[in-house]
Amino acid sequence: MKKWISLQAELGNFHRRESVYVFSLKMSFLAVILSLLMLAALIPALRLLGLLPLPLTDAIRYGVLLSWLLGGVVSGALALLSGSAIHDLSLSRAEFERLSRTDALSGLLNRRAFTEALDGVEENASLVIFDLDRFKAINDQHGHASGDAVIVAISRMLADIFDGKNLVARLGGEEFAVIVCGGSVEDRLARIEEVKALVAESVIPIDSGEVRITISAGIADIWPGRKKEAVYGAADKALYLAKALGRNRIVHESERLQPAWQRQVEDTDAPDHKGLVSNGEGPRHGYGV
């Protein structure tokens with residue numbers, strides 16, 4: 001019985017209140033059936049031993065009545081109480097699971113949930129890593145509350161644009177990630193460019209007034225058999241390039257450093273990139289501004 005109840009809770013059958021009533025009804029009938037089976041074995045034995053205080057028909061009649069009254073009603077009431085407790089526990093566990101997968105500030109998926117979702121994507125999609133440009137300056141000049149307001153505003157933009165089967169997450173700090181699904185690579189790039197333009201044109205209200213901000217992004221494509229670590233690393237390197245080329249830019253992994261870009265990257269003093277390595281050891285984020 002304990003294992004069965006645990007299994008019901010594990011399968012999520014107690015999330016709905018109706019399931020509690022069905023559970024109580026099942027327990028009532030089960031208790032009645034067990035009581036009747038016990039009476040069917042006990043009454044003949046008592047009769048053979050001469051210990052039956054009532055005529056056989058009366059004993060059977062009273063036994064069935066007591067089975068329903070005591071077995072059915074009492075066990076049903078107890079099952080209703082225990083089912084309600086399991087119902088509340090199931091809802092609490094579901095809420096805890098949701099919170100453990102959600103970024104508290106933005107309401108988007110967090111890094112853990114996004115990583116799990118990325119592992120399930122096999123084809124016809126692109127990974128985009130967004131990073132707000134010079135976000136640290138907003139925190140320094142206007143305070144962290146204003147920085148939070150910017151994070152919330154950008155989160156809403158991303159969630160509105162990439163709805164449906166696309167997945168949006170806040171990886172931490174000013175960094176976001178999106179799995180853009182469906183369409184051609186060109187279509188997905190066009191949508192990402194729309195995001196960049198929308199962010200640049202938006203005026204975000206804060207306590208002390210208004211601020212503007214731009215966003216940069218690195219993009220890598222997902223195809224069958226490609227390791228997700230490779231996809232993430234390629235998108236991260238593309239983001240590094242977008243930052244190095246002046247920010248407010250979208251860079252796809254297929255783009256190569258043109259000679260002019262190469263000189264610009266080499267001449268750029270970008271201390272905010274010093275935390276990133278691109279030698280195959282995997283991304284370490286430190287864009288910062």
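**A mixed sheet and its buried strands**

Both faces of strand β3 are covered: E175, A177, I179 and C181 are buried on one side, and F176, V178 and V180 on the other. The strand spans residues 175-181, and seven of its seven residues are buried. The structure is a predicted model. Its chain holds 289 residues, of which 41% count as buried. The secondary structure comes to nine helices and seven strands. Among contacts with a separation of 6 or more, 68% join residues 24 or more positions apart.

Strand β3 belongs to an open sheet of five strands. The order is β2-β3-β1-β6-β7, and the pairing is mixed. Strands β2 (167-172) and β7 form the edges, each pairing on one side only. Neighbouring strands are turned by 20° against each other on average, direction ignored.

The pairings can be followed across the sheet from β2. Strands β2 and β3 pair in the antiparallel sense over five bridges. Within this pairing, A169 has A177 of β3 as its bridge partner. The hairpin of β2 and β3 has two residues between the strands. There, G173 takes a positive phi near 60°. On the way to β1, β3 takes part in a further antiparallel pairing, with seven bridges joining β1 to β3. L127 stands opposite I179 in β3.

Strand β1 covers residues 125-132 and also pairs with β6, again in the antiparallel sense, over eight bridges. S126 stands opposite D221 in β6, and I129 stands opposite G218 in β6.

Strand β6 runs from residue 215 to residue 222. Eight of its eight residues are buried, so the strand is largely enclosed by the rest of the structure. The cover extends to both faces. I215, A217, I219 and D221 are buried on one side, and S216, G218, A220 and I222 on the other. The charged residue D221 is thus among the buried positions of β6.

The pairing of β6 with β7 is parallel. Three bridges join the two strands, with β7 made up of residues 250-252. I219 stands opposite H252 in β7.

Helix packing was examined for α5 (residues 135-142) and α6 (residues 144-161). Their axes come within 6 Å and cross at roughly 140°. The two helices are therefore oblique to each other, since the limit for roughly antiparallel is over 145 degrees. From α5, F135, I138, N139 and H142 take part in the contact. They meet H144, S146, G147, V150 and I151 in α6. The residues of this contact divide into four nonpolar, five polar and no charged.

Leaving aside neighbours within four places in sequence, V211 is in contact with H142, V150, S202, V203, I204 and I206. Of these, H142 belongs to the α5 side of the helix contact and V150 to the α6 side. The C-alpha atoms of V211 and I138 are separated by 8.1 Å, although the two residues are 73 residues apart along the chain.

Terms used. Residues numbered from 1 in each chain as written. Predicted model: local features only at pLDDT ≥ 70, side-chain atom pairs only at ≥ 80, totals over all residues. Heavy atoms only, no water. Buried < 20%, exposed > 50% of the residue type's maximum accessible area, 1.4 Å probe, protein only. Helix = DSSP H or I, 4+ residues; strand = E, 2+ residues; numbered from the N terminus. Pairing = 2+ DSSP bridges. Axes fitted to C-alpha atoms, helices over the stretch in contact; angles between N-to-C directions. Parallel < 35°, antiparallel > 145°, perpendicular 65-115°, else oblique. Contact = heavy atoms within 4.5 Å.
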